[in-house]
Amino acid sequence: MVSDKSFFNQNSFHDPKRNLGFGIGLRRPHFDEIFTHHQGVDFLEFVSDNYMNCNDRDREVLEKAGRLFPIVLHGVSLSIGSPDPLNKEYLQNLEKLIEMTNAVVFSDHLSYSSAFGVEYHDLIPLPFTKEVVDHIVPRVKQVQKIANIPFLLENPSYYVEMPGAEMTEVEFVLEILEKSDCGLLLDINNVYVNAQNHGYDPFEYVDAMPPERVYQYHMAGHYEGEHCIIDTHGSNIKDEVYRLYEHSIRHTGPVSTIVEWDNEIPPLDELLGENRKVRRTSKAALRERKRASA
Amino acid sequence: MSSFYETLETMHQLLRGEKSPEEVAEIFGADPNRLAIYQGFVKGHIAKTLEKNYCLLKRTILPEIWKKLVDQYFTKYPALDWRLNESTEKFPFFLQDSLSQKDLQLNEFHVELAKFEWEEVNIFNTDATIPSPTQIDQLILNPTISILQFTYPIAEFVKQIRVGKKNKWLEEKKFFEEREQEEIVFLFRNLQTYRCNFLQGNDNILFAFKVVHENLSLSQAAEATGQEISIIKQIIREVSQTGLIILPKNF
């Protein structure tokens, strides 16, 4: 259970940073257009790793974006589960970027992307064990100290369950979130992809997440590969993922939601269309939630 | 040794290509096809970044040899930086070291072209700020500048390839012919377009560069060359149009 001292207690439901509305992950091809064409975009997400020590063009985009929208940062290279110490240079750069962008929330993945001094540039799954929980919790606390804004961990997609699991994925995620008092960036597409690939019920997964810890949502597309479903962020969001999102919104109430599209990036209009669909889905779910509680 | 450590060590061997998905599948009791996804992703990121950062070089190399180069580079130079681009920085050094490997059919031209392409990536990504003319009170060199020396006609090759038209010079592979004198090439990011520009050093460019680099006044430059100040000024103004030199507003 979440204690009253936790950042993520009943008060977090009223934290405006938890409900920024409906945002998109801003990627390079949309840099020019976004400032004149952003109907329905309430906030922007930037991939932090791409803007550390960035060039003046990117800096200009960040500054301009910061004047128009709230900004959230999302990283891929923190490597919270790595056996190596956290990269000090990376943390310093992240801290500077948070300061420069006035970001309101920052996040990364519950996985690792480097080990034994080598970078993989991909999110590698961790074993669901107590040893890993004990390894990660102090590292999350170390990251939380770099800025006075909430840090969130995202549930990553994974195609192989690492050997030696002592608990389920849900138990693993919950134990880390609660022991480190960390918020969750719930990637609905990842829940769906993992549920299909590993044979569990995605609705039960969502229901198991304490609503007050769910601080942000990701929505994205996936691809049905030969051997499993791959989380590609390269297509429209599938209907099944929308259904799961609707269910999750009924469970958590309104939470900032970001559409991510990283491969085969479409014209901005298409991305904005997906953003509008997410908004409609969320609104419908909230109306139903209200009716149910009346 | 902990089981966590052992698991990550086995994964590391898979991701580095030291163990096959089948071998790891046996240890983990997992599906080799799914393990292969991770092995493919990790190597694929480096392969794609090499292809992006050294796209011109790739065009001069047979596909089967390019694949060999990517494989060998991945094995010999594990990525040590979380920035993907930086993980391909050592590619020109790797090519230099591989010149003696006859089956790769490489020569110094390839090494020089790789150096050029890496420098473009580096300049595009540099966090140096280029001041605008209103922010400076004297002539300055573009702070993103990088100077390379080549024995092959690298700048000409890049220019011709980017124009995109077939021509005799390219078809006859004249670019593989070594020059008698080294060529100086300036690379820098343009203040307005943010794109990386390059210039082959000619007399005017080298002269203007020297004046600004050595912080010479116009009269000192005129005295040293025996030219009129107005001519010196004209040369500097012309070179500044390229973005290599930044003039103060009142120049």
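Trainee: Hi! Which residue does A:Glu45 form a salt bridge with?

Mentor: Hello! A:Glu45 forms one with A:Arg27, and their closest N and O atoms are 3.4 Å apart. Keep in mind that this is a predicted model.

Trainee: Where do those two sit in the chain?

Mentor: A:Glu45 belongs to strand β2 of chain A, while A:Arg27 is in the loop between β1 and β2 of chain A. The pair therefore ties together parts that are 18 residues apart in sequence.

Trainee: Okay, and are A:Glu45 and A:Arg27 buried or exposed?

Mentor: Both A:Glu45 and A:Arg27 are buried.

Trainee: You mentioned β1. Which way do its residues point?

Mentor: In strand β1 of chain A, residues 22-25, A:Phe22 and A:Ile24 point one way. A:Gly23 and A:Gly25 point the other way, and all of these residues are buried.

Trainee: Nice. How many bridges join β1 to β2 in chain A?

Mentor: There are 3 bridges between β1(A) and strand β2, residues 43-47, and the two strands pair in the parallel sense. A:Glu45 turns up again here, as the bridge partner of A:Gly25 in β2(A).

Trainee: And what about β12 in chain A, how does it run relative to β1?

Mentor: Strand β12 of chain A, residues 257-259, runs parallel to β1(A), and 3 bridges join them. In that pairing, A:Gly23 stands opposite A:Ile258.

Trainee: Let's switch to the two chains together. How many residues does each chain bring to the contact?

Mentor: Chain B brings 39 residues and chain A brings 44 residues. The area buried between the chains is about 3600 Å², with 63% of that coming from carbon and sulfur atoms.

Trainee: How many salt bridges are there between chain B and chain A?

Mentor: The count is 2 salt bridges. One of them links the side chains of B:Arg189 and A:Asp56, at 2.4 Å from N to O.

Trainee: What about polar contacts across there?

Mentor: Between chain B and chain A, 20 residue pairs are in polar contact, counting pairs with both residues at pLDDT 80 or more. On the chain B side that touches chain A, helices α1 (3-15), α3 (32-53) and α7 (108-125) each supply at least two residues. The residues of that side divide into 22 nonpolar, 10 polar and 7 charged.

Trainee: Back to salt bridges, how many are there over all chains?

Mentor: The count over all chains comes to 23 salt bridges. Among them, B:Arg83 and B:Asp81 meet through their side chains at 3.0 Å, N to O. Another joins B:Glu214 to B:Lys210, with the closest N and O atoms 3.1 Å apart.

Trainee: How exposed are B:Glu214 and B:Lys210?

Mentor: B:Glu214 is partly exposed, with a relative accessible area of 42%. B:Lys210 is partly exposed too, at 43%.

Trainee: Which residues are joined into one network by salt bridges that share partners?

Mentor: A:Arg27, A:Glu45, A:Glu260 and A:Asp262 are joined that way.

Trainee: Last one! Where is B:Asp97 found, and why does B:Asp97 count as exposed?

Mentor: B:Asp97 is in helix α6 of chain B, residues 91-97. B:Asp97 counts as exposed because its relative accessibility is 56%, and the cut-off for exposed is over 50%. Its C-alpha atom is 31 Å from that of B:Arg195, a residue 98 residues apart from B:Asp97 along the chain.

How values were computed:
Residues numbered from 1 in each chain as written. Chains lettered and ligands numbered in written order. Predicted model: local features only at pLDDT ≥ 70, side-chain atom pairs only at ≥ 80, totals over all residues. Heavy atoms only, no water. Contact = heavy atoms within 4.5 Å. Buried area = accessible area lost by both parts, 1.4 Å probe. Salt bridge = Lys/Arg side-chain N within 4 Å of Asp/Glu carboxyl O. Polar contact = N/O pair within 3.5 Å; in protein donor to acceptor, adjacent residues only side chain to side chain. Helix = DSSP H or I, 4+ residues; strand = E, 2+ residues; numbered from the N terminus. Nonpolar A, V, L, I, M, F, W, Y, C, P; charged D, E, K, R; others polar. Buried < 20%, exposed > 50% of the residue type's maximum accessible area, 1.4 Å probe, protein only. Pairing = 2+ DSSP bridges.
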